[in-house]
Amino acid sequence: MSACVIFDVDGTLFDTGEGIKECVRLAIKESGAAPLTETQLDSFIGPSLFYSFSTTAGLNEEQTKKAVENYRAHYWADGVKKAAPYAGIREVLNALRADGYTLAIASSKPIAMVEFLLEAHDMKKYFARVIAVDYARTDSDKAVLIKEALAEDSGVMVGDTRFDIDGAHTVGIRAIAAAYGYGSADTLADAEYTANSPQEVYKIVRAHAKEIFAA
């Protein structure tokens, strides 16, 4: 068994907020629904689009499916180009690997988009396992993704939403809240640790490794 550090993508590895929110705005406008607040738009970063369009935007099933289709068309055309790795995240990944940790991804973002971002920014090389969803998946059960990314290892989940934290706890591991991402403080409060920058993720893992990866 090895020790695994699992990362979310949006708001944790990559700053994807500008592109995601702009594409959500366009999809909402095309659906005829009322514009969303900035807080509501922020809540789209992380969960399944199907969950967010139905729960946050209040669209019915048919409207949600169409909004997701429109969002993805806009995202591939322009939104994905606005994503960038957080400053310092490469150094963190290099340091964790140098210390012998296995790195993995567990994301509710479609696998094609995750793979595109990793390839475009030469970051796929860091990760032993990349777990995300296919286009047909409509649920937002992050625990299932985290469990698959964890495999047989001990581990910790790094993410910026309550889905990351709740999912980690469901599978029996600890969570590091990526407070530099898009999750609000109250939704991250249940995490065992809080990182205010990517660099703090590494500091937390190094300082608390014994308790984090306890069998």
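**Ground rules.** I'm working with a predicted model, so I kept local features to pLDDT of at least 70 and side-chain atom pairs to pLDDT 80 or more, while totals for chains, interfaces and linings use all residues. Numbering runs from 1 along each chain as its sequence is written, and side-chain values use heavy atoms, with hydrogens and water left out.

**Helix H3.** I started with H3, residues 49-56 (helices are DSSP runs of H or I, at least four residues, numbered from the N terminus). Leu49, Phe50, Ser52 and Phe53 are buried there (buried is under 20% relative accessible area, exposed over 50%, partly exposed in between, with a 1.4 Å probe and protein chains only). I then looked up what covers them: helix H1 (17-31) and helix H4 (61-77) are included. At the N-terminal end, I found serine 48 as the cap, with a side-chain oxygen 3.1 Å from the backbone nitrogen of phenylalanine 50. Glycine 58 follows H3 and has a positive phi, near 75°.

**Largest pocket.** I got about 310 Å³ of space for it (a volume is the space filled by probe spheres set on grid points, joined across faces, edges and corners). A pocket here is an open set of points on a 1 Å grid over the protein atoms alone, where a 1.4 Å probe fits, with protein on both sides within 12 Å along at least five of seven lines; lining residues have an atom within 4 Å of a point. Of the 16 lining residues, Asp42, Ser43, Arg162, Ser184 and Thr187 are the closest to the centre. Which helix gives the most to the lining? H3 does, with four residues; helix H2 (38-42) and helix H8 (162-170) each supply at least two.

**Salt bridges.** I count 15 in the structure (a side-chain nitrogen of Lys or Arg within 4 Å of a carboxyl oxygen of Asp or Glu). Glutamate 22 and arginine 25 pair at 3.3 Å, N to O; both sit in H1, three residues apart, about one turn of the helix. Arginine 25 also bridges to glutamate 38, at 3.5 Å between the closest N and O atoms. Glutamate 38 is in H2 and arginine 25 in H1, so this pair ties together parts 13 residues apart in sequence.

Definitions and conventions
Contact means heavy atoms within 4.5 Å. A polar contact is a pair of N or O atoms within 3.5 Å; within protein, one must be able to donate a hydrogen and the other to accept it, and residues adjacent in sequence count only if both atoms are side-chain atoms.
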